[in-house]
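This report describes selected features of one structure.

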Amino acid sequence: MGGTEHLTVQREGATLVLTLNRPEAKNALSLPMLVGLYDGWVEADADDAIRSIVLTGAGGGFCAGMDLKALAGKGMEGQQYRDRLKDDPDLHWKAMLRHHRPRKPVIAAVEGHCVAGGTEILQGTDIRVAGESATFGLFEVKRGLFPIGGSTVRLQRQIPRTHALEMLLTGRAYSAREAADIGLVGHVVPDGTALEKALEIAGQVNACGPLAVEAVKASVYETAEMSESDGLAAELKRGWPIFDTADAKEGSRAFAEKRPPAYRRE
């Protein structure tokens with residue numbers, strides 16, 4: 001199991017939990033964190049025993065965005081990872097889910113600050129839970145910067161355009177309740193319980209047929225920008241083979257016998 005000094009990895013049953021672990025810097029993104037994140041996504045996809053991923057942050061926060069000084073390589077922190085970035089110049093974008101989408105569902109458990117690059121990573125997750133004191137926002141324009149982690153493309157596809165443009169153009173902070181109202185997050189829970197709720201949802205996902213779960217996720221993203229007719233054709237192509245799997249047969253037997261299914265990814 002991987003991990004770095006700024007990214008911890010642990011297993012909770014069939015769920016891989018990735019924790020941004022730099023609380024002294026509000027979990028701002030560093031090179032060790034980005035390398036650990038990317039390795040975590042790869043590990044989850046490579047291990048069939050992992051059926052879901054939870055992304056969270058340590059110390060009561062999620063992520064305050066990029067640490068530009070650390071990523072610029074100033075000081076000695078993270079020097080041992082620079083060869084990884086040299087070998088794969090796209091690694092940081094893959095880590096932030098801009099240029100990579102895991103096959104397994106990714107559930108975000110957000111406490112505290114989830115701003116700038118944190119909100120950009122959030123847009124690459126599939127299901128989102130927030131503590132009631134969590135804060136969201138894309139602050140880049142306030143600093144004369146551009147939210148280049150994908151927000152000008154993704155945000156308007158995930159929430160109504162008027163809300164996306166307000167978030168992007170004002171650079172203001174959003175409460176968890178407001179984020180839920182505009183559809184950026186799906187659940188708001190008492191502070192300190194976001195991870196618990198995310199693991200609960202992950203458990204529900206894990207109890208389902210893994211081949212079906214992965215195919216459904218892939219179909220949703222694949223067809224998002226298609227016409228309805230093209231989308232329906234693509235859905236049929238991806239979904240029909242699932243009915244011939246051992247998992248589908250096991251699911252049907254388990255339902256008829258009123259017992260929990262024992263899926264094997266076959």
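## Surface patch

In this predicted model, a patch is made of residues with over 30% relative accessible area and no salt bridge, and nonpolar side chains are joined within 5 Å.

## Helix pair α6 and α7

Helix α6 (residues 151-158) and helix α7 (residues 161-170) have axes that come within 7 Å of each other and cross at roughly 145 degrees. The crossing of α6 and α7 is right-handed.

From α6, the contact is made by S151, T152, L155 and Q156, while α7 supplies R161, A164, M167 and L168. Sorted by class, the residues in the contact of α6 with α7 are four nonpolar, three polar and one charged.

## Salt bridges

How many salt bridges does a search of the whole structure find? The search returns 15 salt bridges.

E132 is located in the loop between β6 (127-131) and β7 (135-137), and R177 is located in helix α8 (residues 176-181), so the pair ties together parts that are 45 residues apart in sequence.

Note on methods. Residues are numbered from 1 along each chain as its sequence is written. This is a predicted model: local features need pLDDT of at least 70, side-chain atom pairs count only at pLDDT 80 or more; totals for chains, interfaces and linings use all residues. Side-chain values use heavy atoms; hydrogens and water are left out. Axes are lines fitted to C-alpha atoms, for helices over the stretch in contact, and angles run from 0 to 180 degrees between N-to-C directions. Helices (H or I, at least four residues) and strands (E, at least two) are DSSP runs, numbered from the N terminus. A crossing is left-handed if the near helix is turned anticlockwise from the far one by less than a right angle, and right-handed if clockwise. Contact means heavy atoms within 4.5 Å. Ala, Val, Leu, Ile, Met, Phe, Trp, Tyr, Cys and Pro count as nonpolar, Asp, Glu, Lys and Arg as charged, and the others, Gly among them, as polar. A salt bridge is a side-chain nitrogen of Lys or Arg within 4 Å of a carboxyl oxygen of Asp or Glu.
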